[in-house]
Amino acid sequence: MALLEVRHLKKTYTNRFGTNQVQALRDVSFTIEEGEFTAVMGESGSGKTTLLNLLASFDRPTGGEIILNGLSFQNIREKDLASYRRKNLGFVFQDFNLLDTLSVKDNIFLPLVLAGAKPEEMKKRVMPLAKVLRIDDLMEKFPYEISGGQKQRTAIARALITEPRLVLADEPTGALDSRASNELLNMFEQINRAGQTILMVTHSTKAASHAGRVLFIKDGIVYHQIYRGDKSREEMFKSISETLTVMASGGKTHA
Amino acid sequence: MRNSLYFKLARSNLKKNRQIYFPYTLANILIVSMYYILKSIRSMMLKYETTQGSNSDMILNFCTIVAVIMACIILFYVNSFVIRQRKKEIGLYCVLGMEKRHLSTMMFWEVLITALRGLVGGMIAGALLSQLVFLIFLSMLRIPSDLRFEIPIDAVGSTCRTFGILYLIVLIYNILSVVRTNPIEFLQGAKEGEKEPKVRKLPAILGVVLLAAGYTFAIGAQGVYETLKIFLPAVVLVIAATYLLFLAGSIAFLKWMKKQERLYYRPRNFITISGMIYRMKQNAAGLATICILSTAVIVSISTSFSLYLGEEDILEKRFPRDYMSSCILDGQESNGTVLQEAVQKHADRTGVKVTEGFGYKQLWMAGFQEANGTFTLSDGEQADASKLYVFAFLTQDDYSKNTGEKLDLAKGEAAVYEKNKNQVSETLTLDQLSWNVRTTVDDPGIWNEALYLSDANFMAVILPDLKSMETVLNAYNERYADTRAGSREITYEYYYNIEGTDAEKDTFFKTLRENLVEDVERLMTVDNIDQARAHYYEQYGTFLFIGIFLSILFLIAASLIIYYKQITEGFDDRERYQIMKKVGMTNDEIRSTIRRQILQVFFLPLLMAAMHTAAAFPALVDIMRALNLINQTIFAQCTIAVTLTFAAIYFIIYTITSHTYYRIVR
């Protein structure tokens with residue numbers, strides 16, 4: 001059974017007077033298997049941020065269904081959503097979203113503290129993770145003292161520490177320079193090889209080329225998808241570019 | 001017209017920043033009206049030409065000065081806050097091509113509009129309220145009055161002048177701060193990561209030590225003299241301690257909490273503690289100031305209120321009858337007859353009747369109790385109040401006449417009343433003098449201010465005759481007549497009531513002194529309860545009025561400071577709470593975290609103020625005694641009532657503020 005199943009997802013935004021409707025997502029369906037590293041690509045306004053917000057349960061869909069690990073989001077009560085999110089989902093944002101009043105360590109601990117974990121348990125979990133992400137010597141520093149790449153790795157540690165079923169990343173390289181971006185994407189691949197399922201929204205071809213599969217969204221539907229398979233990263237990069245060119249020129253490809 | 005453009009711009013700016021400008025304008029109106037009311041009451045007092053109220057005028061004048069200082073602080077604080085909040089907006093105008101002189105023009109209109117709103121609104125509110133406040137003021141002073149609506153021109157002029165100057169300074173400040181800053185600075189605003197404050201151990205420990213010292217002084221002081229001596233140093237210590245504790249102590253404590261992992265890593269404490277560390281850093285000085293001013297308000301209002309209310313108690317003690325006259329005993333007068341006859345003569349002349357008269361000879365002095373139980377004469381300035389006694393000497397004749405009890409004391413014998421019912425030894429020794437204590441008796445019910453000044457010990461000694469009293473007097477004067485304490489006298493105190501119409505009583509009392517002086521050579525006090533009451537109400541009524549007035553000003557200042565602090569923090573915290581929401585904090589958790597944080601910031605100063613008040617209470621009781629208020633229950637009730645009222649008002653401010661805060665954060 002797939003880890004994540006998205007069925008005929010639809011989201012319509014209505015303005016205050018109900019006169020003007022915008023269809024952000026028309027009909028989106030796809031599945032993600034356990035252990036996959038998937039990138040979602042699309043231009044601004046294609047609906048990819050909407051999709052991510054729905055998957056993150058920040059927002060409710062107008063139609064269709066999201067099923068994570070056999071449980072449909074519809075069946076979760078509003079007040080349980082936050083704790084469900086905490087247990088099952090990890091987030092990595094473009095602008096890091098670290099709390100500037102907390103040290104690196106405490107930022108990583110945040111979701112565990114909210115879940116009521118014991119200090120010993122938290123400490124046991126954090127060190128191996130920090131070593132992998134190479135932030136183990138920054139633990140007592142504060143966000144304003146570290147670089148963007150280090151901030152983003154802290155954010156990843158925070159996303160992973162709850163051992164979530166699925167990590168959702170929203171343009172994780174958007175605020176980083178190219179060196180830090182490379183480093184980060186390699187880390188994502190490494191984490192993914194260790195078994196972590198990742199779904200990443202991006203419009204960077206290079207970022208997407210690290211993924212095992214790329215979904216293209218255009219005008220609110222899944223327009224196309226590419227599997228990496230045995231392709232090298234360069235080959236993957238090339239096929240993504242080609243697809244984007246075709247999409248931009250309005251040509252038709254099979255979904 | 002270019003100018004009208006800037007005027008329009010200024011107006012729409014004020015409208016857009018309503019959240020900031022509305023409380024500012026409201027505060028302006030309030031302050032202007034307070035000032036106007038104060039000024040117009042002064043000028044109305046002068047116009048009424050009441051003979052009473054000369055004291056009040058001085059106090060009112062002082063109060064006006066304080067009001068101007070408060071107005072300055074409030075205006076400048078809020079104004080600088082407003083400018084800081086609008087930096088981004090002003091920077092944007094710069095980028096859009098406005099030059100500094102254009103910005104200055106815009107600023108000019110903004111200040112002018114706000115100033116006019118404040119002045120006109122304040123003066124209208126002031127004119128409407130001043131009559132009411134004047135009536136309240138007069139009735140507090142128990143001065144009868146009839147109401148006439150009027151707007152004193154000099155009050156209007158003075159208000160316009162004073163606030164005109166203040167607004168001008170505000171304008172200059174605003175223009176300077178616009179001219180001095182470059183657009184990039186404006187655009188950046190204050191957005192950058194702040195360093196976590198460091199623990200400063202020494203100041204924190206010093207704060208605790210100073211607080212303990214101040215409290216020990218205040219609680220440990222014995223008697224009025226000692227209390228008066230240590231009170232100011234204790235206040236200074238506590239003020240210093242408050243600042244140190246808020247600035248360094250709070251952060252040290254929070255950091256210590258942070259080290260306690262079991263405590264820190266709990267959902268409820270985690271965000272609160274780490275957030276509070278930063279918040280305390282930014283707010284410590286402000287909170288400490290609020291704490292100290294709150295204490296000042298609570299203490300001054302509750303003391304003046306209880307003095308005001310406790311007034312009848314004191315009068316009752318001082319005036320067992322409505323009228324009181326006294327003179328010093330000398331060759332002419334030995335038994336009060338001269339004084340009594342003179343009063344009678346004057347009563348006959350004015351057609352009233354003297355009733356229920358009684359009187360006694362008395363001699364007051366202080367004695368110091370030695371370790372062996374004997375007493376030595378004292379000028380009353382020894383530090384150890386627990387060993388200091390106030391002695392009152394009476395004759396057995398007077399005692400029997402006034403109480404109906406026969407004592408039959410022989411030469412060398414005495415009867416004693418000891419206020420605290422301490423065991424009195426068989427022989428009472430005062431320096432070289434000594435008496436066999438024949439018996440102990442009930443309170444003879446005599447009054448002297450000295451009684452209230454030293455709280456603990458009082459002994460009335462009833463001697464066989466006037467001669468024995470003179471022996472004591474001579475012994476005292478031999479020793480102290482040439483010192484600073486001066487010589488003492490035996491006095492005759494005469495208390496009586498008068499029967500007659502009000503008009504007759506009035507003439508009787510008005511001409512009493514001049515008539516008594518003719519017959520009585522060494523006349524001292526001529527007083528009646530109504531005159532004493534009038535003096536009393538004028539003095540403490542003014543105190544109370546001013547106390548309430550200044551407290552309102554303070555509350556305006558405090559609530560504005562708190563309000564603007566919360567708004568600033570709301571904008572800072574907004575982002576933080578959005579993040580926490582994304583990481584998996586529920587709305588309820590967020591709301592309860594916010595509530596805890598605001599509550600702590602808000603009520604920490606109030607809690608500390610209550611603590612200060614409680615610690616100062618024993619010392620205040622002593623000081624109140626020096627002001628003749630002996631009814632501790634009234635004082636305790638007043639203090640509690642004032643504290644609760646203050647807390648309630650504070651809570652209302654909190655509710656309004658936190659409501660705004662939620663709206664921003666959400």
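Predicted model: local features only at pLDDT ≥ 70, side-chain atom pairs only at ≥ 80, totals over all residues.
**View 1. Packing of helix α5 against helix α6 in chain B.** Helix α5 (residues 100-140) and helix α6 (residues 153-180) of chain B have axes that come within 9 Å and cross at roughly 155 degrees. Because angles over 145 degrees count as roughly antiparallel, α5(B) is roughly antiparallel to α6(B). The crossing of α5(B) with α6(B) is right-handed. Residues of α5(B) in this contact include Leu103(B), Met107(B), Phe108(B) and Val111(B), and those of α6(B) include Phe163(B), Tyr167(B), Val170(B) and Leu171(B). By class, the contact of α5(B) with α6(B) comprises 16 nonpolar, three polar and one charged residues.

**View 2. Packing of helix α11 against helix α19 in chain B.** The axes of α11 (residues 267-309) and α19 (residues 529-583) of chain B come within 9 Å, with a crossing angle of roughly 165 degrees. The two helices, α11(B) and α19(B), are therefore roughly antiparallel to each other. Their crossing is left-handed. In the contact of α11(B) with α19(B), 16 residues are nonpolar, seven polar and three charged.

**View 3. The contact between chain A and chain B.** Chain A supplies 23 residues to this contact and chain B supplies 17 residues. On the side of chain A that touches chain B, the elements giving two or more residues are α2 (78-88), α3 (104-114) and α4 (119-132) of chain A. Of these, α3(A) gives the most, with six residues. The residues on the side of chain A that touches chain B divide into 14 nonpolar, four polar and five charged.

Methods
Residues numbered from 1 in each chain as written. Chains lettered and ligands numbered in written order. Axes fitted to C-alpha atoms, helices over the stretch in contact; angles between N-to-C directions. Helix = DSSP H or I, 4+ residues; strand = E, 2+ residues; numbered from the N terminus. Parallel < 35°, antiparallel > 145°, perpendicular 65-115°, else oblique. Left-handed = near helix turned anticlockwise from the far one by under 90°. Nonpolar A, V, L, I, M, F, W, Y, C, P; charged D, E, K, R; others polar. Contact = placed C-beta atoms within 7 Å.
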